[in-house]
Amino acid sequence: MAAAASTQPPQPPKLTQLLERDPYLAPFKTDFQRRYSLFYNRLKNIEENEGGLDNFSKSYKIFGVNQLLDGGIYCKEWAPGAEAVFLAGDFNGWNPFSHPYKKMEYGKWELFIPPGEDGCSPVPHGSKLKVVIRAQNGELLYRISPWARYVVRDEDKVNYDWVHWNPPQSYIHKHPSPKRLKSLRIYESHVGIASPEGKVASYKNFTYNVLPRVKDLGYNCVQLMAIMEHAYYASFGYQVTSFFAASSRYGTPDDLKEMIDVAHSMGITVLLDVVHSHASKNSEDGLNKFDGSDSCFFHSGPKGTHQLWDSRLFDYANWEVLRFLLSNLRMWIEDYRFDGFRFDGVTSMLYHHHGIGTGFSGDYNEYFGLHVDEDALCYLMLANHMINFLHPECITIAEDVSGMPALCRPVAEGGGGFDYRLAMAIPDKWIQIIKELKDEDWNMGNIVHTLTNRRYEEKYIAYAESHDQALVGDKTLAFRLMDAEMYTNMSVLSPLTPVIDRGIQLHKMIRLITHALGGESYLNFMGNEFGHPEWLDFPRKGNNESYHYARRQFNLTEDHLLRYRFLNAFDRDMNKLEERFGWLASPQAYVSEKHESNKVIAFERAGLIFIFNFHPYQSYVDYRVGIETPGKYKILLDSDAAEYGGHQRLDHSTEYFSEEYSHNYRPNSLLVYIPSRVAIVLQNTDIPK
């Protein structure tokens with residue numbers, strides 16, 4: 001009996017807790033067991049064959065080209081399809097055969113170059129290199145190492161060059177990483193567009209001009225897009241060519257390290273938008289066909305190509321692919337001091353259909369079965385396990401549109417191990433409402449349902465809009481609300497037209513209700529906090545390589561004659577209020593009212609009362625709102641205040657006294673004046689905070 005028991009596949013130790021929390025998952029118990037078993041066995045194999053996950057994920061210190069303490073150079077590559085491998089570069093006059101690699105087991109190749117007579121490195125810092133692959137057909141291929149740390153492109157060239165990065169003195173971090181945050185207020189950012197000027201902005205610009213703005217706005221986390229090197233700027237960083245290289249178009253690796261260090265000095269957490277869902281098809285300066293074969297890091301044939309993105313898809317069952325991707329995460333954390341990751345394209349990873357032509361209704365059968373890519377899911381479980389084990393203070397976020405259950409539950413429960421997931425239904429809902437409905441037809445119950453419909457005990461990041469909505473072909477909320485009038489009527493010297501007035505008021509209300517009701521974290525894309533005009537479009541042939549739309553006009557908030565400063569001020573004070581009361585880290589709100597004809601939504605969270613009147617013209621005097629805790633209440637935040645471009649219809653000295661009068665299933669209530677298109681936040685002053 002004992003022998004039979006030992007052959008049983010490993011079980012998720014806390015699976016029972018998951019199934020008790022959501023009994024509808026019980027029919028899929030064997031799926032969770034199989035997924036966990038796959039994870040467990042892969043992890044066990046790594047422990048047995050690589051000296052542990054710690055050692056395995058430090059492979060970035062061995063693979064590629066690495067400096068040894070004695071001044072020599074050690075080079076290692078995985079190129080299973082190669083007949084021979086050489087290193088060429090400035091250091092050997094580009095002789096393609098003078099420095100051959102030695103063939104090892106499992107498709108690996110290594111080369112040791114001793115130090116010079118003076119003990120100096122044989123490959124100087126800043127010199128150009130290429131791995132030369134002799135393919136099986138005899139062709140010589142000049143490739144950039146998949147592990148390259150720095151690649152640059154000269155202005156007169158199409159492709160990137162690999163530059164050996166080994167400065168005499170690397171940047172030394174001075175400030176500790178911030179402690180893990182309870183409330184995440186994320187400023188989604190792109191370094192290259194973070195300037196009003198029509199050019200590619202730099203890490204230095206972000207460090208000294210943008211980070212102070214982020215801090216002032218009350219955001220405590222920056223999520224950086226387009227850092228992993230990508231040859232095509234207009235891909236927004238999603239067609240990665242060099243996974244271990246920080247994009248050189250913004251500056252050097254040390255510039256990025258300084259930027260993260262300065263952010264840490266301000267108490268700002270820094271996350272990397274990591275793209276492990278696919279890779280660029282470039283072969284000259286990317287991973288594709290590195291060893292001359294169609295496969296190597298990727299599936300061969302049609303399975304290895306994403307039909308919509310025209311990019312290559314990783315083979316997550318491959319041992320060396322796991323080494324490459326896990327080491328990649330480790331390098332960004334330990335070399336650059338990133339505090340975690342937002343994993344892009346998780347839906348594409350989770351399913352063999354990659355989400356193409358597939359809608360997700362929420363039926364649990366959509367999340368289990370043969371259409372799930374369990375090798376990819378296993379990789380994500382390994383990644384989260386590794387990060388949690390080696391760097392428990394780090395945060396991971398999943399960008400998944402499908403709603404895969406347990407994605408944000410611990411691996412020990414059979415879950416994916418992520419900390420947060422993006423609440424991707426929320427921005428879609430706001431777009432649909434603004435596009436399709438008159439203000440009088442807005443459905444309060446539907447808004448509340450979308451904002452609160454999340455899996456129990458899985459943390460969600462709420463957002464009204466992200467970079468997706470800012471891109472060319474789409475519209476930001478501000479542009480949807482105010483459109484062409486943003487060009488002519490955003491000056492305080494021009495009359496406040498009905499369109500601009502409506503846009504400003506709804507922009508604030510939408511953001512506050514999303515922030516307070518929609519999740520356990522909040523995200524905003526840079527510039528959208530103040531209603532950045534127009535759209536985002538990178539220089540490309542279709543727009544004559546123009547930078548006009550590839551910038552953020554932060555200067556608009558500093559012009560006191562423009563109304564953008566009102567939205568900017570509201571966003572700042574909304575964040576500062578959350579910092580003070582911590583509603584994102586509090587249990588879900590209790591919604592006491594969603595009145596369809598009155599267009600009123602009221603709820604309590606973190607001891608505060610949030611009241612929204614979405615009615616376009618109806619104000620309410622002595623409007624009764626049900627509350628839990630009796631006491632004296634005062635206004636903390638009022639979207640109608642003058643400093644936010646409002647109409648100043650509320651007296652902030654007013655005190656609202658509760659009555660022991662039950663209303664909307666709450667034991668107490670109070671009477672408030674709530675003007676049209678206004679949101680207010682009330683605090684119980686009897687409870688000091």
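Predicted model: local features only at pLDDT ≥ 70, side-chain atom pairs only at ≥ 80, totals over all residues.
Local features need pLDDT of at least 70 and side-chain atom pairs count only at pLDDT 80 or more, while totals for chains, interfaces and linings use all residues. Residues are numbered from 1 along each chain as its sequence is written, and side-chain values use heavy atoms, leaving out hydrogens and water.

**View 1. Helix H14, residues 498-517.** Helices here are DSSP runs (H or I, at least four residues), numbered from the N terminus.

**View 2. H14 packed with helix H15, residues 564-581.** The two helices pack at an angle of about 20 degrees, with axes (lines fitted to C-alpha atoms over the stretch in contact, with angles from 0 to 180 degrees between N-to-C directions) 10 Å apart. That makes H14 roughly parallel (under 35 degrees) to H15. Contact means heavy atoms within 4.5 Å; among the residues that meet are Ile504 and Arg511 in H14, and Phe570 and Asp571 in H15.

**View 3. Aspartate 439, in a loop between two helices.** Look for this residue between H10 (425-436) and H11 (444-452). Aspartate 439 is buried, with a relative accessible area of 10%. Not counting residues up to four places away in sequence, Aspartate 439 touches Arg502, Leu506, Lys599, Pro616 and Arg677.

Key: Parallel < 35°, antiparallel > 145°, perpendicular 65-115°, else oblique. Buried < 20%, exposed > 50% of the residue type's maximum accessible area, 1.4 Å probe, protein only.
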